[in-house]
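Look at the structure first, then read the points below.

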Amino acid sequence: MQRFINNPDDLVDETVAGFVRAHRDLVRLDPANPRVIVSQTAPVSGKVGIVTGGGSGHEPAFIGYTGRNMVDAVAVGELFSSPTAKSFADAMRAADGGAGVAVLYGNYAGDNMNVKMAAGMLEKEGIEVATVVANDDVCSAPLSEREKRRGVAGEIFMWKIAGAVAAKGGSLAEVQAAAQKAIDSVRSVGVGLGPCTLPAVGHPNFQIEPGTMEVGIGHHGEPGTRVEPLKSANAVAADMVKIVMDDHDLPKGSEVAVLVSGLGATPVNELYVLYDRMEQEIEARGASVYRAYVGNYFTSLEMIGATLSVMVLDDEMKALLDMEATAPGFSQTGNAAPAIQRSAAKAATTAQAKTANTENDAPRAPETINGPSVKNAGNAAIVEEIAAVIVENKAWLSEIDGKIGDGDHGINMAKGFGRAAERIAGSSMPLDEAMSVLSDVLMSEIGGSMGPLYGLMFQEIASSIKGRTAIDADAFSQMLNAGLAGVRSTGSAKVGDKTLIDTLVPAVEAFDAAKADGFAPALQTMAQAAEKGRDSTIDLVARIGRASRLGERSRGVLDAGATSCCMILTELGNGFSRRLQD
């Protein structure tokens, strides 16, 4: 790759470091978390804090919108991957001025999971949290299922409007309502002409054939709703306007704000070529453009392409849009915000950040040992062996994910499991403690959807065997069922949805059905069921997560989560088989 990169695994941290150095007048790092960027003006006593977060690779989103009268704190994720629950929670704490925190983010599985977990942590600390989920991408779901649409560049309008209401001293409910009104007023569409490459993968995770374009493409490289021959700029602009304006169905005389963003490798002059025709098309439909923003506002590494976002305005929204704002990625002069009336505001909290309580009530198997078993003490190496398999298959897992997703599954899984293995290496800790270490690393450092899903799975597994001297077939069954309960506690997937559940459920059921035949045979049966479940996802259409927007285009590909789950269960079974003692 022809890239300015040191170690691909360090790219996000080095990006954050350079960003903070370059914009130290506007932003700073949160001393409690190097993956949280905070406005130099935050928190303001009595003001609602504005928080967002998301994967890296979209610069200036998300970090570039941290500043005055916009976002107060941003949680930073890996490339194309959600920040962790801890980072979201720390961003909320950093933004809190005593009037509550509004978390405004995109509609992606990992973000939804991690924000929900973080909000639960903050509620225990007495900090009120409200959320608004952006869903402006027209092509990702029909209007009748708008709640399933993903959030794209329309989020920028949401942050601008909500930031203005917060700056004026609005209450948490008022800020939340304004953010919701803003995103409800936005429609967006993206067109891709060329793919992007995750540095840790080293090659594009999808292809756009020369002479073609993807209409409705996602910011992570998710395929569009249709592939078409490449058209002229005017024809593309007209098609993009038609998609968003047909979904808006606006009355004549409407005023709109328009944002045209490049995806990273599109020359800015081409964006202006698109915009010229876009405004003509909008006016031909009887609407007028009140404000226009053209440039690189929400990118996707070096993808070639552009997005169009159109927000309908009323007098209230125009006044909020016009308010001055200063951030590295978005600055405009305009109406100044009035000073916050602190005397009438709730006093800022001074509570120290609390660690989320991860203790749980997972059922534990009785200590009585029946038949062959594996000692709990001294078997942390089982986790190291699982990690080695994940790290070894990093490229393959990312390749699978890239066919219908964003291509980062193997990268993030390998980083999480690899870091856990490094902390466990050479120790004599029992297996339950090693599982807890793995859980902590996945939930506090990895993010995305796999962070909380696998993190909670191993957290529950660890709890189910905590303190045991040995693990027999009954205890292993309890481990599996506890892990399944952990996954289900944060996800809503069912068998047939094309997720890791398609591997995990049949594997657990197969072990339970076969354990009467003996521990070792049951482990083998479990592995066979896991492989069958994994392979079943090839013929399934994704119903959950990013790939669900693809419909039939998601068929014919293994699910990455189901594949990594199969690896984990198979190696877990192998580790136990090698250590069984009568």
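Buried means under 20% relative accessible area, exposed means over 50%, and partly exposed lies in between (1.4 Å probe, protein chains only). This is a predicted model: local features need pLDDT of at least 70, side-chain atom pairs count only at pLDDT 80 or more, and totals for chains, interfaces and linings use all residues. Residues are numbered from 1 along each chain as its sequence is written, and side-chain values use heavy atoms, leaving out hydrogens and water.

**Salt bridges**
- A salt bridge is a side-chain nitrogen of Lys or Arg within 4 Å of a carboxyl oxygen of Asp or Glu.
- The count by this rule is 35 salt bridges.

**Asp13 and Arg35**
- Asp13 pairs with Arg35 in a salt bridge, with the closest N and O atoms 2.7 Å apart.
- The pair links distant parts of the chain, 22 residues apart: Asp13 sits in helix H1 (residues 11-22) and Arg35 in strand E2 (residues 33-39).
- Helices (H or I, at least four residues) and strands (E, at least two) are DSSP runs, numbered from the N terminus.
- Asp13 is partly exposed at 35%, whereas Arg35 is buried at 11%.
- Asp13, Arg35, Glu78 and Lys415 are linked in a salt-bridge network.

**Arg93 and Asp90**
- Their side chains form a salt bridge at 2.6 Å, N to O.
- Arg93 and Asp90 are 3 residues apart in helix H2 (residues 85-95), so about one helical turn separates them.
- Arg93 is buried at 18%, and Asp90 is buried at 7%.
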